[in-house]
Amino acid sequence: MIAPSILSADFARLADEVAAVAGSDWLHVDVMDAHFVPNLTLGLPIVEALLKVTDIPMDCHLMIENPERWAIGYAEAGAHNVTVHAEAAREPVRIARDLRAAGAKAGLSVKPDTPLEPYLEVLREFDTLLVMSVEPGFGGQKFIAHVLDKVRMVRTMIDTGHLNLLVEIDGGINADTIEQAAEAGVDCFVAGSAVYSAADPAMAVRALRTQAANAAHHLT
Ligand code: DX5
Ligand code: ZN
(Lines give C-alpha, C1' and ligand atoms only; values in the text may rest on other atoms or scores of the structure.)
(Ligands and ions follow the chains in the order given, each with its own letter.)
Protein backbone atom coordinates (compact mmCIF):
# COMPACT_ATOMS: atom_id res chain seq x y z
CA MET A 1 0.00 0.00 0.00
CA ILE A 2 1.13 3.53 -0.82
CA ALA A 3 -0.09 6.52 1.19
CA PRO A 4 0.86 9.88 -0.38
CA SER A 5 1.40 12.58 2.24
CA ILE A 6 -0.28 15.86 1.36
CA LEU A 7 2.26 17.67 3.55
CA SER A 8 4.24 18.06 0.31
CA ALA A 9 1.20 19.18 -1.72
CA ASP A 10 0.21 22.74 -2.60
CA PHE A 11 -2.03 23.73 0.34
CA ALA A 12 -3.77 26.38 -1.79
CA ARG A 13 -5.01 23.66 -4.18
CA LEU A 14 -5.64 20.74 -1.84
CA ALA A 15 -8.65 19.22 -3.64
CA ASP A 16 -6.72 19.16 -6.93
CA GLU A 17 -3.66 17.73 -5.20
CA VAL A 18 -5.76 14.92 -3.72
CA ALA A 19 -7.28 14.23 -7.15
CA ALA A 20 -3.73 14.01 -8.52
CA VAL A 21 -3.06 10.88 -6.43
CA ALA A 22 -6.22 8.97 -7.45
CA GLY A 23 -5.64 5.25 -7.10
CA SER A 24 -3.63 5.58 -3.89
CA ASP A 25 -4.38 3.11 -1.12
CA TRP A 26 -4.55 5.67 1.69
CA LEU A 27 -4.28 9.47 1.80
CA HIS A 28 -1.85 10.46 4.56
CA VAL A 29 -2.71 13.69 6.37
CA ASP A 30 -0.16 15.11 8.82
CA VAL A 31 -1.74 17.01 11.70
CA MET A 32 0.84 19.02 13.69
CA ASP A 33 0.20 21.26 16.67
CA ALA A 34 3.46 23.22 17.09
CA HIS A 35 3.87 21.58 20.53
CA PHE A 36 4.54 17.88 19.98
CA VAL A 37 6.53 18.88 16.88
CA PRO A 38 8.03 22.26 15.94
CA ASN A 39 5.61 22.81 13.05
CA LEU A 40 1.95 23.65 12.54
CA THR A 41 -0.08 22.26 9.65
CA LEU A 42 -3.81 21.64 9.64
CA GLY A 43 -6.56 20.19 11.76
CA LEU A 44 -10.05 18.75 11.82
CA PRO A 45 -11.85 21.40 9.70
CA ILE A 46 -9.53 20.75 6.76
CA VAL A 47 -9.75 16.99 7.22
CA GLU A 48 -13.56 17.30 7.15
CA ALA A 49 -13.35 19.34 3.94
CA LEU A 50 -11.01 16.79 2.33
CA LEU A 51 -13.28 13.89 3.28
CA LYS A 52 -15.98 15.50 1.12
CA VAL A 53 -13.82 15.58 -2.01
CA THR A 54 -12.20 12.12 -2.01
CA ASP A 55 -13.00 8.45 -1.59
CA ILE A 56 -9.39 7.54 -0.81
CA PRO A 57 -9.34 6.14 2.76
CA MET A 58 -7.90 8.88 4.97
CA ASP A 59 -4.91 8.13 7.16
CA CYS A 60 -4.63 10.86 9.82
CA HIS A 61 -1.24 11.06 11.50
CA LEU A 62 -1.64 13.13 14.66
CA MET A 63 1.66 14.68 15.73
CA ILE A 64 -0.03 16.42 18.64
CA GLU A 65 -0.05 16.55 22.40
CA ASN A 66 -3.09 15.36 24.34
CA PRO A 67 -4.39 12.92 21.70
CA GLU A 68 -6.84 11.73 24.40
CA ARG A 69 -8.71 14.96 23.72
CA TRP A 70 -8.43 15.28 19.93
CA ALA A 71 -8.09 11.92 18.19
CA ILE A 72 -11.72 10.85 18.47
CA GLY A 73 -12.91 13.80 16.35
CA TYR A 74 -11.00 12.51 13.33
CA ALA A 75 -12.61 9.07 13.69
CA GLU A 76 -16.07 10.57 14.07
CA ALA A 77 -15.48 12.71 10.97
CA GLY A 78 -14.88 9.55 8.94
CA ALA A 79 -11.12 9.04 8.80
CA HIS A 80 -10.25 5.44 7.94
CA ASN A 81 -7.20 5.24 10.20
CA VAL A 82 -6.20 7.58 13.04
CA THR A 83 -2.65 7.36 14.38
CA VAL A 84 -1.47 8.88 17.65
CA HIS A 85 2.09 9.06 18.97
CA ALA A 86 3.21 6.69 21.71
CA GLU A 87 5.34 9.53 23.16
CA ALA A 88 2.28 11.78 23.50
CA ALA A 89 -0.41 9.31 24.56
CA ARG A 90 -0.95 8.81 28.29
CA GLU A 91 -3.81 6.37 27.77
CA PRO A 92 -3.10 4.61 24.45
CA VAL A 93 -5.40 1.68 25.15
CA ARG A 94 -8.34 3.96 25.85
CA ILE A 95 -7.62 5.93 22.67
CA ALA A 96 -7.47 2.75 20.58
CA ARG A 97 -10.76 1.48 21.99
CA ASP A 98 -12.47 4.84 21.45
CA LEU A 99 -11.20 5.08 17.86
CA ARG A 100 -12.38 1.57 17.05
CA ALA A 101 -15.75 2.18 18.71
CA ALA A 102 -16.14 5.21 16.45
CA GLY A 103 -15.55 3.01 13.40
CA ALA A 104 -11.93 3.89 12.60
CA LYS A 105 -8.76 1.86 12.59
CA ALA A 106 -6.38 2.77 15.42
CA GLY A 107 -2.71 3.48 14.82
CA LEU A 108 0.24 3.94 17.17
CA SER A 109 3.35 5.76 15.99
CA VAL A 110 6.90 5.77 17.35
CA LYS A 111 9.61 8.34 16.63
CA PRO A 112 12.93 7.01 15.27
CA ASP A 113 14.61 6.65 18.67
CA THR A 114 11.58 5.36 20.59
CA PRO A 115 11.94 1.65 21.38
CA LEU A 116 9.05 -0.72 20.68
CA GLU A 117 9.47 -3.01 23.65
CA PRO A 118 7.43 -0.90 26.13
CA TYR A 119 4.49 -0.89 23.70
CA LEU A 120 4.27 -4.53 22.62
CA GLU A 121 1.33 -5.32 24.94
CA VAL A 122 -0.49 -2.11 24.07
CA LEU A 123 -0.07 -2.81 20.34
CA ARG A 124 -2.54 -5.69 20.65
CA GLU A 125 -5.24 -3.01 20.81
CA PHE A 126 -4.11 -1.32 17.57
CA ASP A 127 -4.59 -1.96 13.85
CA THR A 128 -1.47 -0.20 12.58
CA LEU A 129 2.02 0.59 13.80
CA LEU A 130 3.53 3.69 12.16
CA VAL A 131 7.31 3.60 12.38
CA MET A 132 8.75 7.07 11.82
CA SER A 133 11.87 7.00 9.65
CA VAL A 134 12.59 10.71 10.09
CA GLU A 135 12.08 12.99 13.09
CA PRO A 136 8.43 14.06 12.80
CA GLY A 137 7.73 17.63 11.78
CA PHE A 138 8.83 18.16 8.21
CA GLY A 139 8.77 16.52 4.80
CA GLY A 140 11.80 16.04 2.60
CA GLN A 141 14.19 14.67 5.25
CA LYS A 142 16.67 11.83 4.87
CA PHE A 143 15.59 8.25 5.63
CA ILE A 144 16.92 6.85 8.95
CA ALA A 145 17.69 3.21 8.17
CA HIS A 146 18.16 1.95 11.74
CA VAL A 147 14.40 2.10 12.33
CA LEU A 148 14.16 -0.98 10.10
CA ASP A 149 15.31 -3.04 13.11
CA LYS A 150 11.95 -2.21 14.70
CA VAL A 151 10.14 -3.14 11.48
CA ARG A 152 11.93 -6.50 11.38
CA MET A 153 11.07 -7.19 15.00
CA VAL A 154 7.36 -6.47 14.60
CA ARG A 155 7.24 -8.33 11.25
CA THR A 156 8.53 -11.43 13.04
CA MET A 157 5.91 -11.04 15.76
CA ILE A 158 3.18 -10.74 13.11
CA ASP A 159 4.43 -13.71 11.12
CA THR A 160 4.55 -15.87 14.27
CA GLY A 161 1.01 -14.88 15.28
CA HIS A 162 1.96 -12.72 18.29
CA LEU A 163 0.59 -9.49 16.80
CA ASN A 164 -1.96 -8.64 14.12
CA LEU A 165 -1.08 -5.25 12.65
CA LEU A 166 -0.32 -3.34 9.48
CA VAL A 167 3.22 -1.95 9.56
CA GLU A 168 3.47 1.55 8.11
CA ILE A 169 6.63 3.59 7.55
CA ASP A 170 6.81 7.37 7.26
CA GLY A 171 9.67 9.63 6.26
CA GLY A 172 12.22 9.67 3.46
CA ILE A 173 10.53 6.96 1.41
CA ASN A 174 11.43 7.18 -2.27
CA ALA A 175 12.73 4.99 -5.11
CA ASP A 176 16.10 4.67 -3.33
CA THR A 177 14.74 3.59 0.07
CA ILE A 178 11.44 1.76 -0.48
CA GLU A 179 12.99 -1.61 -1.31
CA GLN A 180 14.91 -1.92 1.96
CA ALA A 181 11.75 -0.97 3.87
CA ALA A 182 9.73 -3.54 1.94
CA GLU A 183 12.33 -6.23 2.59
CA ALA A 184 12.24 -5.44 6.31
CA GLY A 185 8.49 -6.08 6.39
CA VAL A 186 6.59 -2.82 5.84
CA ASP A 187 3.00 -3.11 4.51
CA CYS A 188 2.16 0.57 3.93
CA PHE A 189 4.57 3.24 2.70
CA VAL A 190 3.98 6.96 3.27
CA ALA A 191 5.61 9.17 0.66
CA GLY A 192 5.34 12.95 0.51
CA SER A 193 8.08 14.64 -1.45
CA ALA A 194 8.71 11.58 -3.64
CA VAL A 195 5.11 11.66 -4.87
CA TYR A 196 4.43 15.39 -5.06
CA SER A 197 7.74 16.34 -6.66
CA ALA A 198 6.94 13.97 -9.54
CA ALA A 199 5.53 15.36 -12.79
CA ASP A 200 2.75 12.76 -12.53
CA PRO A 201 2.03 11.99 -8.84
CA ALA A 202 -0.38 9.12 -9.59
CA MET A 203 2.28 7.47 -11.76
CA ALA A 204 4.84 7.93 -8.97
CA VAL A 205 2.46 6.11 -6.60
CA ARG A 206 2.10 3.20 -9.02
CA ALA A 207 5.86 3.01 -9.56
CA LEU A 208 6.56 2.93 -5.81
CA ARG A 209 3.92 0.22 -5.31
CA THR A 210 5.43 -1.96 -8.02
CA GLN A 211 8.93 -1.45 -6.65
CA ALA A 212 7.85 -2.45 -3.12
CA ALA A 213 5.91 -5.49 -4.30
CA ASN A 214 8.87 -6.73 -6.34
CA ALA A 215 11.19 -6.39 -3.33
CA ALA A 216 9.18 -8.37 -0.77
CA HIS A 217 7.23 -11.64 -0.68
CA HIS A 218 4.81 -10.57 2.05
CA LEU A 219 3.42 -7.84 -0.24
CA THR A 220 2.34 -10.13 -3.09
C1 DX5 B 1 6.78 14.08 8.74
C2 DX5 B 1 5.47 13.53 8.25
C3 DX5 B 1 5.56 12.78 6.98
C4 DX5 B 1 6.09 13.57 5.81
C5 DX5 B 1 6.90 12.64 4.96
O6 DX5 B 1 6.66 14.46 10.07
O7 DX5 B 1 4.92 12.64 9.21
O8 DX5 B 1 4.32 12.17 6.65
O9 DX5 B 1 5.09 14.12 5.00
O10 DX5 B 1 7.48 13.38 3.93
P11 DX5 B 1 8.64 12.74 3.03
O12 DX5 B 1 8.04 11.55 2.32
O13 DX5 B 1 8.98 13.86 2.11
O14 DX5 B 1 9.75 12.34 3.96
ZN1 ZN C 1 3.13 11.49 8.57
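This is a predicted model: local features need pLDDT of at least 70, side-chain atom pairs count only at pLDDT 80 or more; totals for chains, interfaces and linings use all residues.
Local features were taken at pLDDT of at least 70 and side-chain atom pairs at pLDDT 80 or more, while totals for chains, interfaces and linings use all residues. Side-chain values rest on heavy atoms, without hydrogens and water, and residues are numbered from 1 along each chain as its sequence is written.

Ligand 1 is surrounded by 20 residues (a heavy atom within 4 Å). Ser5, Gly137, Asp170, Gly172 and Ser193 are the closest. By class, the shell holds eight nonpolar, 10 polar and two charged residues (Ala, Val, Leu, Ile, Met, Phe, Trp, Tyr, Cys and Pro count as nonpolar, Asp, Glu, Lys and Arg as charged, the others, Gly among them, as polar). Strands β2 (27-32), β3 (58-63) and β8 (188-191) each supply at least two shell residues (strands are DSSP E runs of at least two residues, helices H or I runs of at least four). The largest share, three residues, comes from β2.

The side chain of Asp170 places an N or O atom 2.7 Å from one. A backbone N or O atom of Gly140 lies at 2.8 Å, and one of Gly192 lies at 2.8 Å. Taken alone, ligand 1 exposes 380 Å², of which the protein buries 100% (Shrake-Rupley method, 1.4 Å probe).

Ala34 lies in the loop between β2 and α2 (44-53). Asn66 lies in the loop between β3 and α3 (67-77). Ala34 is partly exposed at 42% relative accessible area, and Asn66 is partly exposed at 31% (buried is under 20%, exposed over 50%, partly exposed in between; 1.4 Å probe, protein chains only).

Terms used:
Chains are lettered from A and ligands numbered from 1 in the order in which they are written. A polar contact is a pair of N or O atoms within 3.5 Å; within protein, one must be able to donate a hydrogen and the other to accept it, and residues adjacent in sequence count only if both atoms are side-chain atoms.
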